[in-house]
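Subject: Structure handover

Hello,

Please find the structure below, followed by notes on what was found in it.

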Amino acid sequence: MEEIVRAMTYVINQGLALYWGTSRWGATEIMEAYSMARQFNLIPPVCEQAEHQLFQREKVEMQLPELYHKIGVGSVTWSPLACGLITSKYDGRVPDPCRATIKGYQWLKDKVQSEDGKKQQAKVMDLLPIAHQLGCTVAQLAIAWCLRSEGVSSVLLGASSAEQLIEHLGALQVLSQLTPQTVMEIDGLLGNKPHSKK
């Protein structure tokens, strides 16, 4: 751990980067890096890159907020649409063309066709009325939902075309419409809100 913190401090001191962050680190590892940086007068990480989407919530919603409050580490989240699964385009089948038909993405096709994947697709379809009520697509709703999470600094988008990117950026307009009541409605439909184990 010390080698990583020292190396990243060196990179920043050389002017090669402004900040550094972690990716897929646990809360304990991040805290250890922060403590080490403070102990040896080094530069700590400022963010954690974590997967966060409607069906992957635990880390960003339960583990990282404590770090955000204690040491200011934010989250840069990725895969807000779960490789396209949260777009309503699958609807129990694998359309062509899509990411699940690309060579090397058999795992995604298997996920779509699995029982778990079918259940998730049904929940995505249940979100359509909320999206329509807000005047947006399910993808925009899902991205806005990710952005509203405490401590999330940004959401990395995986658009495969300019049109998709423009659609996804429309989530910024949806964000202001996500009232606590709307979020509770989404949580109720998903039925997977993580709860504190205290």
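Residues 24 or more positions apart make up 71% of the contacts in the chain with a separation of 6 or more, where contact means heavy atoms within 4.5 Å. This is a predicted model, in which local features need pLDDT of at least 70 and side-chain atom pairs count only at pLDDT 80 or more, while totals for chains, interfaces and linings use all residues. Residues are numbered from 1 along each chain as its sequence is written, and side-chain values use heavy atoms, with hydrogens and water left out.

The chain has 10 helices and four strands; these are DSSP runs numbered from the N terminus, with helices (H or I) of at least four residues and strands (E) of at least two. Along the sequence the pattern is α-β-α-β-α-β-α-α-α-α-β-α-α-α. Of the 198 residues, 41% count as buried (under 20% relative accessible area; exposed is over 50% and partly exposed is in between, with a 1.4 Å probe and protein chains only).

The largest nonpolar core has 44 residues, and L54, I86, L141, L178 and I186 touch the most other members. Such a core is a set of buried Ala, Val, Leu, Ile, Met, Phe, Trp, Tyr and Cys residues joined through side-chain atoms within 4.5 Å. Elements that each supply at least two residues of this core include α1 (2-13), α6 (128-134), β4 (152-155) and α10 (180-190). Helix α7 gives the most, with eight residues. Leaving aside residues up to four places away in sequence, L178 touches L134, L141, A144, W145, R148, V183 and I186.

Next, a helix pair. Helix α2 (residues 27-39) and helix α3 (residues 58-71) pack at an angle of about 15 degrees, with their axes 10 Å apart. Axes are lines fitted to C-alpha atoms, for helices over the stretch in contact, and angles run from 0 to 180 degrees between N-to-C directions. The two helices are therefore roughly parallel to each other (angles under 35 degrees). The contact is made by A27, I30, M31 and Y34 of α2 and Q63, L64, L67 and I71 of α3.

E51 is in strand β2 (residues 47-51) and is partly exposed, with a relative accessible area of 24%. E51 and S79 are 28 residues apart in sequence, yet 5.9 Å apart in space, C-alpha to C-alpha. Not counting residues up to four places away in sequence, E51 touches Q56, V60, W78 and S79.

Regards

Technical notes
Parallel < 35°, antiparallel > 145°, perpendicular 65-115°, else oblique.
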